Amino acid sequence: MGCGSCSTGGGCSPAGCKSNGSCLTNGCSKLDVYDWLSNMDMPANYKPFNIVEVKFKGSRKEFFLNNDNIYLEAGELVAVETTTGGYDVGHVSITGELVRMQMVKRRVRETDVAKKIYRKATPADVDKWKAAKDLEWETMHRSRKLALELKLSMKLSDVDYQGDKTKATFYYTAEGRVDFRELIKKMAEAFRIRIEMRQIGMRQEASRLGGIGSCGRELCCSTWLTDFKTVSTSAARYQNLSLNTLKLAGQCGKLKCCLNYELDTYMDALKYIPDNVNVLKTERGDARLQKTDIFKKLMWFSYPMAENWIPLPLTRVKEIQQMNREGVLPPDLGEVVEIETKPVKILDYENVVGQDSLTRLDEQSRRKKNKNRNKNHQQNRQGDSAQRPVVVTDGEQKPTTARPQNAGGNNNPNQRKKFRPNRNNNNRPDQNRNGQQGKQE
């Protein structure tokens with residue numbers, strides 16, 4: 001059984017480890033909750049909680065009554081009641097006491113839960129549900145064409161079919177209100193189903209579609225993030241980030257939600273940083289603030305027309321600031337902090353992410369050719385030295401370098417070149433070093 005709640009639609013098979021919906025890849029475990037109460041021993045008179053949380057396509061989760069006390073486990077397909085009639089099919093996300101805690105977190109009262117679970121999904125229900133999910137892609141593209149023909153300023157981002165294939169919910173984004181009454185009429189005639197239009201924000205659209213962020217991981221909103229808090233540019237300023245909208249914006253076009261993750265840590269560290277210290281006045285001149293290292297608690301200042309920056313601890317900065325308030329000018333900034341400089345590791349930018357070079361096979365073949373060439377050359381040299389004749393001169397054995405008669409491969413005796421011996425007397429076997437003719441043994 002494939003996953004039915006990932007961003008690519010229901011009934012698909014996971015693209016990662018092929019574990020049929022229980023893996024952590026491709027959004028198969030999207031917005032899963034670990035039931036840490038499942039292995040706890042309950043009292044003997046414990047009555048199981050009769051409300052179950054069921055998840056559907058995207059990040060939609062709802063609570064349903066289990067009045068028939070059906071034994072359910074996480075991941076099972078169930079047929080549940082809908083508000084508009086018919087039934088829908090979804091996966092059981094959590095059961096038991098953890099559902100009670102989730103209801104408190106989402107501020108849902110037990111009396112407000114009215115819809116119930118009909119049964120476990122039968123094979124006929126699953127086949128009908130998969131057939132409905134297969135129609136979503138074609139339906140979305142046809143509805144987009146209808147919206148373009150009517151010149152509506154809206155973007156249809158996703159379609160969710162009900163499990164019994166009688167109703168389809170269209171999710172769209174728009175800047176303002178859109179009159180889509182004519183669009184609903186045309187879609188009802190084309191698809192022969194009940195139509196529901198639901199407007200969502202940019203962040204909700206990104207969470208439904210999914211994707212990979214600039215960090216290289218799957219989007220937080222499509223995996224675990226459920227509540228979207230407002231993100232302002234002040235969060236980037238407190239963290240000393242450059243106010244570049246291309247880098248700070250996420251896939252939804254809004255500021256990234258991860259800007260709020262470390263904001264509290266930066267705010268706690270900024271409590272110790274003094275305010276209004278853009279300039280420190282000294283007898284040498286006015287030193288201006290260039291950079292602040294929040295976690296090392298260092299502030300860097302520089303004099304006008306000077307290239308070097310001077311790091312100062314917070315205690316010295318506060319001391320000079322107090323002196324300036326009293327009208328006293330110190331001779332200079334004074335204490336200079338020596339910063340430990342670690343040796344910089346030179347990175348191989350051609351292989352910075354650990355991947356092999358595209359020309360690695362060419363280099364290996366080139367090395368093998370050179371290795372074989374050198375090996376053959378050494379073998380030829382050893383063979384030549386073994387075949388050279390040995391002549392004794394003055395009691396020493398020296399190899400001769402006589403040229404063969406048929407050098408060059410010419411077999412015609414009339415065209416053979418005459419061999420001219422070396423005129424150096426030291427190399428002639430028939431004479432000694434004194435130039436006298438000797439006897440040959």
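The model is predicted, so local features need pLDDT of at least 70 and side-chain atom pairs count only at pLDDT 80 or more, while totals for chains, interfaces and linings use all residues. Residues are numbered from 1 along each chain as its sequence is written, and side-chain values use heavy atoms, with hydrogens and water left out.

**Whole chain**
- The chain holds 10 helices and 14 strands (DSSP runs numbered from the N terminus: H or I of at least four residues for helices, E of at least two for strands).
- Of its 441 residues, 32% are buried (under 20% relative accessible area with a 1.4 Å probe, protein chains only; exposed is over 50%, partly exposed in between).

**The five-stranded sheet**
- An open sheet of 5 strands runs in the order β2-β1-β4-β3-β5 with antiparallel pairing (two strands pair if DSSP finds at least two bridges between them).
- β2 (61–65) and β5 (117–120) are the edge strands with a single partner each, so one side of each has no neighbour in the sheet.
- Strand β1 (residues 51–55) is joined to β2 by 5 bridges, and Lys55 stands opposite Lys61 in β2.

**Helix α4**
- In α4 (residues 181–191), the buried residues are Leu183, Met187 and Phe191.
- Seen down the axis of α4, these fall within an arc of 45 degrees (taken from the directions from the helix axis to the C-beta atoms), so they line one face of the helix.
- Exposed Arg181, Lys185 and Glu189 sit on the face turned away from the buried side of α4.
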